[in-house]
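Subject: Structure handover

Dear colleague,

Here is the structure that I promised to pass on to you. Please open it beside this message, and then read on for what was found in it.

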Amino acid sequence: MAQVELKNITKIYDTKKIIDNVSLKVEDKEFLVLVGASGCGKSTLLRMIAGLEDITSGEISIDNKTVNNVHPKDRDIAFVFQNYALYPHMSVYDNMAFPLKMRKFSKKEIDAKVKEAAEILNLSDLLQRKPKQLSGGQRQRVALGRAIVRNPKVFLMDEPLSNLDAKLRVQMRAEIKKLHQKLQTTFIYVTHDQTEALTMGDRIAVIDKGVIQQIGTPSEVYNNPVNKYVGGFLGSPSMNFIRSEIKDNTLTINNSQFILNDEQKNKLAGKTEVIAGIRPEQFNGINPNFEFKADIEIKEMLGSEQIVYFNANGSSCSASVPADINIDKDYVFKLNTDNILFFDCATEKRI
């Protein structure tokens, strides 16, 4: 078990800064998710923790020991890759046993550890099969098993579910979370899928262009984003951003107006224009005190709910409403204005 700490980590390829002065502390036994769009630097950060990438500057410590110059095999970490990286000619048993054989464990120790990991991952009946005889989910469990047998201080996972179909991803999300609870080990998990981040992480670190934008619990980051990027990245459908005018303590959204409450007046004092951030599920919200008519463009039925698309103040917007509500072309949305978030038009930071 171990704490992982990054201090002022920077990575430069040629002249391009991929990771920009990142500092981060992952607590012992924590499940931390690094989330961001493709190319944001999250996988590079993970590979630097593993020792698979050199760092340009800064310090990485694992279990309070600086590991900048420590070889990957000596960092006591296990890396689970996106593509499973299984040996096709070896059985499941031999794939899981391989890292232990390389470390000269006895046959008795190897057998005990492999069978224990197989039991945890429901692979006991598959130990003699080859990878080509397994489903995608089973292969991913073998990759996890190969990591488990080493009993590492830290698990590093780089988009391990991205090659699975949607249904299997949901199943494997739950299995990995259960695995973390059983093993009580530090997990650092990279994904571009914000649903994975929100459902799996004890905390989430949202990364954009090599910079950590916000770190917090899923609830904190979802409900209180520090800027427009974080608010728009997390959530499906994503947060709506509507440019809105303020005059005489009155805010106008889509030609409808409401009076700002005292807290909003203080926050927005001196502003004549802001970006209003509204989650899709907040339309037709609880205790509505504001309504506006919208010209509905498209409707998507998703079983228990429907997503409707419309335009507001020149912004494309979406709302998530119950499936049994009849949505006509000129639908009147109802909002609780206390739930609206506000962002600065110039800096895009939360006001």
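Let me begin with D262 and K265, whose side chains meet in a salt bridge at 4.0 Å from N to O; a salt bridge here is a side-chain nitrogen of Lys or Arg within 4 Å of a carboxyl oxygen of Asp or Glu. Both residues lie in helix 9 (residues 262–267), three residues apart, about one turn of the helix, where helices (H or I, at least four residues) and strands (E, at least two) are DSSP runs numbered from the N terminus. D262 is exposed, with a relative accessible area of 57%, whereas K265 is partly exposed at 27%; buried means under 20% relative accessible area, exposed over 50%, and partly exposed in between (1.4 Å probe, protein chains only).

Please keep in mind that this is a predicted model, in which local features need pLDDT of at least 70 and side-chain atom pairs count only at pLDDT 80 or more, while totals for chains, interfaces and linings use all residues. Residues are numbered from 1 along each chain as its sequence is written, and side-chain values use heavy atoms, with hydrogens and water left out.

A search of the whole structure finds 17 salt bridges. In one of them, R141 pairs with E175, the closest N and O atoms being 4.0 Å apart. Because R141 lies in helix 4 (residues 136–148) and E175 in helix 5 (residues 166–183), this pair ties together parts that are 34 residues apart in sequence. R141 is buried, with a relative accessible area of 10%, and E175 is partly exposed at 24%. Elsewhere, K11, R47 and E53 are linked in a network of salt bridges.

The search also finds 16 aromatic pairs, where rings of Phe, Tyr and Trp (its six-membered ring) pair if their centres lie within 6.5 Å, and planes under 30 degrees apart count as stacked, over 60 as edge-to-face and the rest as tilted. Among them, F283 and F292 form an edge-to-face pair, 6.3 Å centre to centre with 80° between the planes. F283 is buried at 1% relative accessible area, and F292 is buried at 1%. These residues belong to one aromatic cluster, formed by F258, F283, F290, F292, F310, Y331 and F333.

Lastly, a cis peptide bond joins S236 and P237, with omega about -5°. P237 lies in the loop between helix 8 (228–233) and strand 11 (240–247).
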